[in-house]
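Please open the model in your viewer and keep the sequence at hand.

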Amino acid sequence: MTFDTDRLPLVVPDIDDVTAPYWAGAARGELLVPWCAAGHHFWIPRSFCPDHPEAAVTPAQVSGLAVIYSFTVIHNGEGQFAPAAPYVLAYVELDEGPRVMTNIVDCEERELRIGLPVEVVFHGDDGSWAIPRFRPQDGSSR
Ligand SMILES: [Zn+2]
């Protein structure tokens, strides 16, 4: 079976002052990740680095390339996700280091494996926001 993009709901994000730059980036088709002035990216967006609370933090665009770190196929989703089941919930490890919880889309079930190269895609509504999700990189395993 195929895990299609259009099965997943477009959940309106909860945008606040800290997360606004990241959602604005996603609406432009850019994956932004917090950059700590001590020299590394981290996830999730917040106003301080969990390892270096004194260091400056700025949103930084990353490649959008990653590999699947872990995944599961959800057969009994809750709330808005109930009609979407089965779907894939995964952690992907960005090329820049952080691990991000996301959905894997545009993917055949037989393709799914830890270590699969994936790339970000943005699913949005009206251009004002979009949700980053990940799909297999072209030619990775098809
Ligand atoms: Zn840091």
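A residue is termed buried under 20% relative accessible area, exposed over 50%, and partly exposed in between (1.4 Å probe, protein chains only). This is a predicted model, in which local features need pLDDT of at least 70, side-chain atom pairs count only at pLDDT 80 or more, and totals for chains, interfaces and linings use all residues. Residues are numbered from 1 along each chain as its sequence is written, and side-chain values use heavy atoms, with hydrogens and water left out.

Select the zinc ion to begin. Its protein donors (N, O and S atoms within 2.8 Å of the metal, or 3.2 Å for Na, K and Ca) are Cys36 (SG), His40 (NE2), Cys49 (SG) and His52 (ND1), at 2.1 to 2.3 Å. Along the chain, these donors follow the spacing C-x3-H-x8-C-x2-H.

Cys49 counts as buried because its relative accessibility is 1%; His40, at 21%, counts as partly exposed.

Now select Val92, Leu94, Ile104, Leu112, Val118 and Phe134. These residues have the most contacts inside the largest nonpolar core, which has 19 residues. Such a core is a set of buried Ala, Val, Leu, Ile, Met, Phe, Trp, Tyr and Cys residues joined through side-chain atoms within 4.5 Å.

Finally, centre the view on Leu112. Not counting residues up to four places away in sequence, Leu112 touches Phe3, Ile68, Phe71, Val73, Val88, Ile104 and Cys107, contact meaning heavy atoms within 4.5 Å. A second, separate core of 7 residues can then be selected through Ile74, Phe81, Ala84 and Tyr87, which are among its members.
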